[in-house]
Amino acid sequence: MNKEFLYGILHQAKEIGVKEIGLFLLGEPFLVDALPEYVHYAKHEVGIEYVFVTTNGVLCTPDRLKPIIDAGLDSIKFSMNAGTKQRYLEMHGVDRFDEVMTNIAWLHKHKPDNLKSCVSAIFIEEHKEDLEELRQLVLRYVDEFYYLPLYNHAGHLSGDVVGNPGRLENMVPPIPCWGLFNSAKISWDGWLTACYFDHDSSFEIADLNKVTLLEAWNHPKFTNLRRCHLTNILEDSLCAKCLGLK
């Protein structure tokens, strides 16, 4: 994302009352060399109350973690969907399990008390024994561990769980989708998108290079989509595939 664009969006977000900013979407945030600078700017120049990231943990080596801690990061979540080295290799095609665990252990030893750490994992029934091993392994290092159900992620997967029901232990009805009303997702090239699994620009709402964040949030395309969710008339909506209606 363009730096000046990002800074402008952060100021707009602060002005309209946004309290939390996640500096990630579909990509890996630790690929961005300027991530500590962006965290610091969001926290200390703009005044965002809570700044967080989600990472796969591979690049979270001490030399990368320390600057982002010093910048004032409030929360970091490691997304790990395999409970053993062998399962990790099967799912990812590379063996980085031990590296990720080493990074998580380092963070536990060096993080300040005000930095929250957690691990999430997609729960797959046939892998439940491996995942329980993962849970037991990481709970000694992080503040929280939770499972997510394997739902169909904007219709890109097939399965029994449709929509986005939240955490496995506290699932909520997928209609209306909470994400439409509670979070603004912004792509690297400046589009407000209705879904954080927008892999192919299908959910783009408005170009923030041309309109303000507030204008995009209240764009007719977005308000109409919310209305579809509130009235449960979704067969022809952007969300139909995700909700198993197509």
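**Aromatic pairs, cores and a cavity**

Eleven aromatic pairs turn up in the structure, which is a predicted model. One of them joins Tyr151 and Phe197 in an edge-to-face arrangement, with 6.2 Å from centre to centre and 80° between the planes. Tyr151 sits in the loop between E5 and H7, while Phe197 belongs to the loop between strand E7 (191–193) and strand E8 (204–207), so this pair ties together parts that are 46 residues apart in sequence. Phe197 also pairs with Tyr196, this time in a tilted fashion, at 5.0 Å centre to centre and 45° between the planes. Together with Trp178, the residues Tyr151, Tyr196 and Phe197 make up one aromatic cluster.

Phe197 counts as buried because its relative accessibility is 18%, the cut-off being under 20%. Tyr196 has a relative accessible area of 23%, so it is classed as partly exposed.

Turning to the nonpolar cores, the largest one has 66 residues, and Leu23 and Ile76 are those with the most contacts inside it. Setting aside residues up to four places away in sequence, Leu23 touches Leu6, Pro29, Leu35, Tyr38, Val39, Val51, Phe52 and Val53. There is also a second, separate core of five residues, with Cys118, Ile122, Ile124 and Leu148 among them. As a general matter, nonpolar side chains in soluble globular proteins tend to be buried together.

With a relative accessible area of 22%, Pro174 is partly exposed. Which residues does Pro174 contact, leaving aside its neighbours within four places in sequence? They are Val162, Gly163, Asn164, His229 and Leu243. Of these, His229 is 55 residues from Pro174 in sequence, yet the two C-alpha atoms are 9.3 Å apart in space.

Asn164, one of the contacts of Pro174, shows up again at a cavity, where Asn164, Cys177, Cys195, Cys239 and Cys242 are the lining residues that lie nearest the centre. A search of the whole structure finds one cavity of 30 Å³ or more, and the volume of the largest cavity is about 200 Å³. Its lining has 18 residues, which divide into 13 nonpolar, four polar and one charged.

Note on methods:
Residues are numbered from 1 along each chain as its sequence is written. This is a predicted model: local features need pLDDT of at least 70, side-chain atom pairs count only at pLDDT 80 or more; totals for chains, interfaces and linings use all residues. Side-chain values use heavy atoms; hydrogens and water are left out. A nonpolar core is a set of buried Ala, Val, Leu, Ile, Met, Phe, Trp, Tyr and Cys residues joined through side-chain atoms within 4.5 Å. Buried means under 20% relative accessible area, exposed over 50%, partly exposed in between (1.4 Å probe, protein chains only). Contact means heavy atoms within 4.5 Å. On a 1 Å grid over the protein atoms alone, a cavity is a set of points where a 1.4 Å probe fits but cannot get out, and a pocket is an open set with protein on both sides within 12 Å along at least five of seven lines; lining residues have an atom within 4 Å of a point. Grid points are joined across faces, edges and corners, and a volume is the space filled by probe spheres set on the points. Ala, Val, Leu, Ile, Met, Phe, Trp, Tyr, Cys and Pro count as nonpolar, Asp, Glu, Lys and Arg as charged, and the others, Gly among them, as polar. Rings of Phe, Tyr and Trp (its six-membered ring) pair if their centres lie within 6.5 Å; planes under 30 degrees apart count as stacked, over 60 as edge-to-face and the rest as tilted. Helices (H or I, at least four residues) and strands (E, at least two) are DSSP runs, numbered from the N terminus.
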